[in-house]
Amino acid sequence: MIDPASIPAAVGTVVAQVEYTNALDPGFKLVPALTVVAMLALFLGVGWFFRVAAVDDLWVAGRSIGPIENGMAIGANWMSAASYLGVAALVATLGYFGLAYVVGWTTGYFILLIFMAAQFRRFGKYTAPDFVGDRFYSDTARGIAAFTTLAIAFVYAIGQGSGMGLMAEYILGVSFEVGVIVFMSVTIGYVALSGMLGATKNMAIQYTILIVAFLLGMYAVGWSQGWSTVMPYLEFGPETALIVEELDRQFIEPFASGSYYAWVALAFSLIFGTCGLPHVLVRFYTVDNERTARWSTVWGLFFICLLYLGTATYAVFGSILYEDPVQDTETAVTAGEATSFMGMPGADADALVVLTVQLADLPEWLVGLVAAGGVAAALATTAGLFISASSAAAHDIYTNLYKEDATQREQVIVGRVTIVAIGLLVMVIAIDPPALIGELVGMAFAIAACVFFPVFFLGLWWENATQEGAIAGMLTGIVISFGAILNATIPGYTDAIPGDAISPTVATVLPPTSSALIGVPLAFVVIVAVSLVTSDPPEDIKRLVRQCHSPKPMKRSESAEDVAADGGTPADD
Amino acid sequence: MTDDEAADAGGSTPADATDDEAADADGSTPTDATDDAAAGTDGSTPAAEADGGTAAVAAGEEIDYLEREVNLFRPSTPFMRDNLKMIFTLFGVWVVFVFGPVTASLFAEEFMTETTVLGGFPLNFFLTAIVAPLAALVLAAIYAWYRDRLDRKYGITHGSGEDAGETGAEGATADGGEPS
């Protein structure tokens with residue numbers, strides 16, 4: 001565990017290593033295993049059916065997706081193992097501090113909507129580096145953006161691999177390592193095969209599976225324990241009170257696990273990370289017009305809230321069951337290894353959603369279904385990440401920077417090779433993850449917020465932002481966000497540096513998941529300052545920015561560049 | 001400028017050249033006709049033509065959005081002013097809902113943790129875990145709805161813009177078919 005704020009106070013009470021490993025039932029389970037196999041077969045089938053050879057289909061699904069379907073895709077793309085498993089874990093172990101993850105990973109969509117969604121749709125290209133490269137008329141900027149896209153996909157996907165491994169342990173009875181390898185291989189094959197259109201079609205299915213599994217588990221636990229009836233989201237008040245009064249008051253004490261600064265910094269990073277994530281951005285390129293882009297954001301947030309509001313419910317239900325299981329299972333608390341649920345070990349915490357259903361002594365097929373939902377969540381997001389990584393490599397690096405006249409076939413091949421390479425690398429790191437799932441994903445958000453959000457935002461809202469400004473701003477963001485992450489993770493890989501971080505002071509001010517509260521304003525200042533002293537962008541770039549904001553409708557396949565370059569539409573006359 | 005000349009020609013032959021390029025980029029020839037038709041009528045203007053352009057007139061003088069500066073703090077068109085007014089208002093409300101509860105917990109910890117709602121939720125927990133995400137959802141819906149209204153005010157129709165593209169394709173092929 002690397003985030004100093006994330007070490008629960010109760011962790012210090014873990015003493016002797018007895019036999020206790022984790023509470024999740026190990027061993028192969030037939031019905032859950034068949035559920036997962038059927039689910040994977042369905043994904044591969046749909047992916048194959050909608051398989052693609054054309055670049056437009058591979059990366060932006062032919063720009064043909066409607067608002068509810070795209071809303072579901074936003075939801076599935078968004079809700080990874082970190083949302084499905086990780087957030088409940090963080091709320092349970094960190095209490096009020098963990099709620100910064102709930103707030104950060106939901107409310108950011110509002111900022112995305114009011115400032116960026118429709119404008120990005122009007123910009124109408126393929127990838128995030130496309131936007132940076134074209135808006136800032138610079139191949140260097142494009143290259144930096146492509147590199148950052150790859151780094152984000154990589155860090156983000158590690159957390160997913162970790163979640164897949166945990167679920168495989170429960171469902172297939174294999175070791176964590178084998179689980180990571182099996183599920184990651186399936187994901188790699190699936191993405192390489194189906195591309196964006198297949199992945200988008202699947203995302204609606206994946207969303208349905210994951211939300212049904214998540215809610216079924218939540219309703220079943222609430223019902224069976226007599227805690228809730230029709231609206232568990234609002235009905236766990238008495239259970240929360242029970243935790244506060246009898247189990248662990250720290251759960252709701254605002255600053256027991258992290259300071260006010262740490263809370264705000266974390267929420268800020270996650271919110272603005274939302275607005276800087278390339279695989280989220282691409283979802284707006286896939287819709288048919290900007291009105292659809294706006295409404296699909298609203299739908300997406302609705303679908304996301306269905307799950308996120310439930311994470312606190314799961315955290316509370318799960319915590320009570322962890323202290324006093326209905327099922328005859330040993331947990332860290334009953335084994336005497338932790339004084340309260342807030343001190344549960346990482347493997348239990350990350351599996352808490354599934355564990356809650358198991359500890360409530362509900363049937364194995366239901367526990368398996370909830371676990372399968374976790375696999376669907378991890379797979380959908382990983383697919384989106386791999387696609388954004390492969391498009392950065394094939395479209396932005398290979399085609400735009402290296403070989404201008406690359407054929408579609410070449411691009412598709414480069415894209416697939418990237419998916420395999422990045423997938424293998426993720427597998428290796430995920431086998432021994434450096435942090436909890438939610439924290440790993442939080443780091444990817446910090447990178448996105450520090451590097452991408454300032455250039456996206458100023459690129460869209462200030463036409464005088466220049467290429468020099470953008471490059472300087474992105475480099476600032478890279479230094480801050482990567483610096484914060486390396487500061488906190490390197491000691492975990494080498495004995496040469498003692499302690500949790502190279503510099504504990506830096507780790508307090510710039511936690512690896514929350515570096516954006518300082519990084520984003522700094523990058524803004526750098527971009528504005530450098531832009532003011534360098535010469536203005538060319539007129540056609542300014543027209544491009546104006547076209548992104550113009551209320552006039554555009555044709556589906558048109559990009560802002562096409563219109564701006566036309567020298568004005570006939571309406572000018 | 002040559003661009004303007006092309007535009008002046010009103011989507012007839014000189015404009016075809018540029019549109020063909022755009023269509024080629026799309027990789028599909030049948031859309032040539034669409035592009036021509038849509039470019040000729042500017043996608044949004046079939047309605048404007050039919051009612052003599054009142055939709056555009058109602059919104060005030062015709063504005064060339066490509067000639068107006070984009071700056072978050074200096075909106076240069078009435079549309080942008082209306083839009084940004086709403087954006088900043090909603091953004092302010094959002095800040096209160098998102099960072100309000102934690103800030104209140106800092107200054108009035110006892111009140112926020114001792115007050116309970118809905119059968120036992122401490123107030124800080126309730127406002128953060130449940131109210132904040134819901135508030136963002138409601139604010140998002142309000143903004144999307146407001147933008148639709150704004151579109152109507154300025155005579156913009158995406159639905160028909162989209163439809164015009166599609167029906168335009170049929171119309172264009174039909175039209176294009178007649179002379180030949």
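## Surface nonpolar patch

Trp365(A) is found in helix α16 (residues 364-402) of chain A; helices here are DSSP runs of H or I with at least four residues, strands are runs of E with at least two, and both are numbered from the N terminus. The model is predicted: local features need pLDDT of at least 70 and side-chain atom pairs count only at pLDDT 80 or more, whereas totals for chains, interfaces and linings use all residues. Residues are numbered from 1 along each chain as its sequence is written, chains are lettered from A and ligands numbered from 1 in the order in which they are written, and side-chain values use heavy atoms, with hydrogens and water left out.

Because its relative accessibility is 48%, Trp365(A) counts as partly exposed (buried is under 20% relative accessible area, exposed over 50%, partly exposed in between, with a 1.4 Å probe and protein chains only). Trp365(A) belongs to a nonpolar surface patch with Phe28(A), Leu30(A), Val31(A), Leu34(A), Val212(A) and Leu216(A), with about 710 Å² of accessible area together. Helices α1 (30-49) and α8 (176-224) of chain A each supply at least two residues of the patch, and α1(A) gives the most, with three.

## Nonpolar core

The largest nonpolar core has 228 residues; such a core is a set of buried Ala, Val, Leu, Ile, Met, Phe, Trp, Tyr and Cys residues joined through side-chain atoms within 4.5 Å. Helix α18 (residues 437-461) of chain A gives the most to this core, with 19 residues. Among the residues with the most contacts inside the core are Trp78(A), Trp105(A), Phe456(A) and Phe125(B).

Beyond its neighbours within four places in sequence, Trp78(A) is in contact (heavy atoms within 4.5 Å) with residues including Trp105(A), Tyr109(A), Tyr156(A), Ile304(A), Thr381(A) and Phe445(A).

## Buried helices

Helix α15 (residues 352-359) of chain A is largely enclosed by the rest of the structure, because eight of its eight residues are buried. Thr356(A) and Gln358(A) are among these buried residues. Just after α15(A), Asp361(A) takes a positive phi of about 60°.

In helix α10 (residues 237-247) of chain A, the buried residues include Glu239(A), Thr240(A) and Ile243(A). The cover over the buried residues of α10(A) includes α9 (232-235) and α13 (290-323) of chain A, together with β2 (121-122) and α8 (123-153) of chain B.

## Confidence

Chain A averages a pLDDT of 86, and 92% of the residues score at least 70; pLDDT is the predictor's confidence in each residue, from 0 to 100. Over residues 1-18 of chain A the pLDDT is below 50, and this stretch has 36 contacts in the model beyond near neighbours in sequence.

Methods
Patches are made of residues with over 30% relative accessible area and no salt bridge: like charges are joined within 9 Å, nonpolar side chains (Val, Leu, Ile, Met, Phe, Trp, Tyr) within 5 Å. Accessible areas come from the Shrake-Rupley method with a 1.4 Å probe; for residues, only the protein chains shown count as cover. A salt bridge is a side-chain nitrogen of Lys or Arg within 4 Å of a carboxyl oxygen of Asp or Glu.
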